[in-house]
Amino acid sequence: MTPDIDKLTLPSQKPARLLSLRGRIGRAHYIANTLGALVASFFLIWMITFLLIQLGELGRTLYVIVCVLLFYCALPIFFTILTIKRAHDFNVGGWLALLLLVPVLTLAFWFIPGSKDDNHYGPTPPAPSLGIKVVAVLFPLLLIGGFLATGIQFSGRAEQPSSSQPATTTLRTYTP
C-alpha cells in the first residue's frame with residue numbers, strides 16, 4: 001500500500017503581499033521594506049529630475065507634481081500598510097499604526113518582537129533571508145552614520161572669540 005502523494009505535501013507559506021492589509025510582517029522585513037522604499041523613492045526622484053529638467057518650466061511643474069504624489073500620497077499609504085501588518089505581528093490591531101503620526105514612536109515597531117506562534121492575524125511570517133537581515137541592519141547604520149557625518153566640522157577647530165576683547169553689540173535705531 002503506497003501513501004497518497006497529495007496527503008504528504010506540506011502546506012507552503014504564501015509569499016507576503018506588501019500591499020495587503022492582511023497578514024503579518026517581521027521586523028527585518030519591515031525595516032528593509034520601509035527604508036528600501038525611501039531609498040528607492042529618492043533614487044527615482046533623482047532620475048526623474050534629470051529627465052524633467054530638459055522640459056524647462058513644464059518640467060519643474062511635473063517634478064513638483066511627482067514629488068507631491070510620491071512623498072505625500074504613495075509613501076504614507078505604503079508605510080501605513082506595512083505598519084498595520086507589523087502591528088499584527090505582535091498581535092495588536094492595526095489602529096496602532098496611528099503612531100506613525102508621532103515620528104519617534106515609530107521606532108518602537110523596529111524593536112517590539114513579534115509573536116512566536118500563529119496569532120489572531122495569521123501564521124508566523126517566514127524567516128528573513130540573510131540579504132534581508134543585512135539590509136535591515138546596514139540601512140539604519142548608514143542613515144545614522146550619514147546623519148552624524150553631516151555634523152562634523154572640517155576646519156579642525158571652531159572659531160572662538162578672543163578672550164582679550166569683550167564681545168560688543170551695538171544696536172542702531174531703525175529708521176524707515
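Here are some notes on the predicted model above, point by point.

1. Ground rules. This is a predicted model, where local features need pLDDT of at least 70, side-chain atom pairs count only at pLDDT 80 or more, and totals for chains, interfaces and linings use all residues. Residues are numbered from 1 along each chain as its sequence is written, and side-chain values use heavy atoms, with hydrogens and water left out.

2. Confidence. The chain averages a pLDDT (the predictor's confidence in each residue, from 0 to 100) of 81, and 81% of the residues score at least 70. Helix H3 does best, with a mean of 91, while helix H1 (residues 5-8) is lowest at 44. Helices here are DSSP runs of H or I, at least four residues, numbered from the N terminus. Over residues 4-12 pLDDT stays under 50, and that stretch has one contact beyond four places in sequence (contact means heavy atoms within 4.5 Å). Where pLDDT is low, the predicted coordinates should not be read in detail.

3. Helix H3. Its 33 residues (57-89) should span 48 Å at 1.5 Å a residue, and the end C-alpha atoms sit 47 Å apart, which agrees; the expected span is 1.5 Å times one less than the number of residues. There is still a kink of about 30° centred on leucine 70, the bend being the angle between axes fitted to the seven residues ending there and the seven starting there. Just after H3, asparagine 91 has a positive phi of about 60°.

4. Salt bridges. There are three, each a side-chain nitrogen of Lys or Arg within 4 Å of a carboxyl oxygen of Asp or Glu. Arginine 24 reaches aspartate 89 at 2.9 Å; arginine 24 is in the loop between H1 and H2 and aspartate 89 is in helix H3, so the bridge ties together parts 65 residues apart in sequence. Arginine 86 also bridges aspartate 89, at 2.6 Å, N to O. Arginine 24 is buried at 6% relative accessibility, and aspartate 89 at 4% (buried is under 20%, exposed over 50%, partly exposed in between, with a 1.4 Å probe and protein chains only). By contrast, arginine 60 and glutamate 57, bridged at 2.9 Å, are both exposed.

5. Aromatics. The whole structure has six aromatic pairs (Phe, Tyr and Trp rings, the six-membered one for Trp, with centres within 6.5 Å; planes under 30 degrees apart are stacked, over 60 edge-to-face, the rest tilted). Phenylalanine 42 and phenylalanine 71 have centres 5.2 Å apart and planes at 40°, so the pair is tilted.

Conventions: Helices (H or I, at least four residues) and strands (E, at least two) are DSSP runs, numbered from the N terminus.
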